[in-house]
Amino acid sequence: MNQNKAVIYCRVSTDKSTQETSLTRQQEELTQYARSHGYTEWQVFLDQQSGYEVDRDGLLDMLDYMKAFDIKALFVQDETRLGRGNARMAVLHLIQKQEAMVYSLNDAGLLALNEMDTMLLEILAVVEEYQRRMHNAKIRRGMRRAVENGYKPENNLKNRGNQEGRERKEVPIEEIVNLRQKGLTFLEISNTLTGLGYQVSKATVHRRYIEHIDRLEE
């Protein structure tokens with residue numbers, strides 16, 4: 001974790017030239033604010049877009065940067081700079097997942113969330129955790145069913161032990177056909193292959209299987 005490094009995020013709602021002064025002022029004030037909290041290094045991200053939009057270059061770059069460099073401190077003028085409406089809650093949720101602290105200049109300290117915001121963030125965290133558990137359960141079920149039907153991944157799949165999975169981008173059509181013949185659905189095949197290191201969706205499995213059948217019938 002970079003204890004002395006933070007990110008600064010500034011946003012104005014439009015790209016009008018009159019807003020550029022506000023953007024510059026935010027940056028200057030937040031730079032001083034970060035310094036007053038003992039941060040000696042910071043990266044600044046700027047946006048000139050509506051807070052209701054989540055597809056903002058500065059915002060997305062900031063989130064990627066925080067994750068890549070394990071940044072735990074974010075400075076903003078106020079919570080509306082991060083977003084408005086549902087977009088604000090989505091951004092706060094992503095930052096919460098990074099276990100980062102948000103300092104608000106207007107709050108003169110850590111960002112102050114109301115009771116409703118806190119409750120919604122807790123609900124989002126719980127829902128996401130159960131989604132993860134359900135996804136893992138589907139993978140395990142697909143794997144179990146495949147093995148019960150005689151599937152032996154250790155004899156069929158290549159690149160075992162390749163932790164990065166760089167050579168696994170190609171979809172193993174022979175395994176898709178094999179699992180399909182054993183009665184697995186396309187979703188179960190997708191989950192099974194995902195559990196074995198192949199990042200492949202149900203739609204891709206279905207498409208590759210149909211392409212394979214078409215080639216056999218030519």
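My entries follow, topic by topic.

**Ground rules.** I am working from a predicted model, where local features need pLDDT of at least 70, side-chain atom pairs count only at pLDDT 80 or more, and totals for chains, interfaces and linings use all residues. Residues are numbered from 1 along each chain as its sequence is written, and side-chain values use heavy atoms, with hydrogens and water left out.

**Strand β3.** I took elements as DSSP runs numbered from the N terminus: helices are H or I with at least four residues, strands E with at least two. I then looked at β3 (residues 73–76) and found both faces covered, with Ala73 and Phe75 buried on one side and Leu74 and Val76 on the other. Buried here means under 20% relative accessible area, with a 1.4 Å probe and protein chains only.

For its neighbours, I counted two strands as paired if DSSP finds at least two bridges between them. Strand β1 (residues 5–12) runs parallel to β3 with two bridges, and isoleucine 8 stands opposite phenylalanine 75. Strand β4 (residues 101–104) is also parallel to β3, joined by four bridges; there, methionine 101 is the bridge partner of alanine 73.

**Rings.** I searched the whole structure and got seven aromatic pairs. Rings of Phe, Tyr and Trp (its six-membered ring) pair if their centres lie within 6.5 Å; planes under 30 degrees apart are stacked, over 60 edge-to-face, the rest tilted. Tyrosine 33 and phenylalanine 75 have ring centres 5.5 Å apart and planes at 85°, so I logged them as edge-to-face. Tyrosine 33 is in helix α1 (residues 17–36) and phenylalanine 75 in β3, so this pair ties together parts 42 residues apart in sequence.

Phenylalanine 75 also stacks with tyrosine 103, at 4.8 Å centre to centre and 15° between the planes. That pair links β3 to β4 across 28 residues. I noted a relative accessible area of 0% for phenylalanine 75 and 11% for tyrosine 103. Tyr33, Tyr39, Phe75 and Tyr103 form one aromatic cluster.

**Largest pocket.** How much space lies in the largest pocket? I get about 230 Å³. A pocket is an open set of points on a 1 Å grid over the protein atoms alone, where a 1.4 Å probe fits, with protein on both sides within 12 Å along at least five of seven lines; lining residues have an atom within 4 Å of a point. The lining includes Leu92, Met101 and Leu121. Helix α4 gives the most to it, with three residues.

Note on methods
Buried < 20%, exposed > 50% of the residue type's maximum accessible area, 1.4 Å probe, protein only. Points joined across faces, edges and corners; volume = space filled by probe spheres on them.
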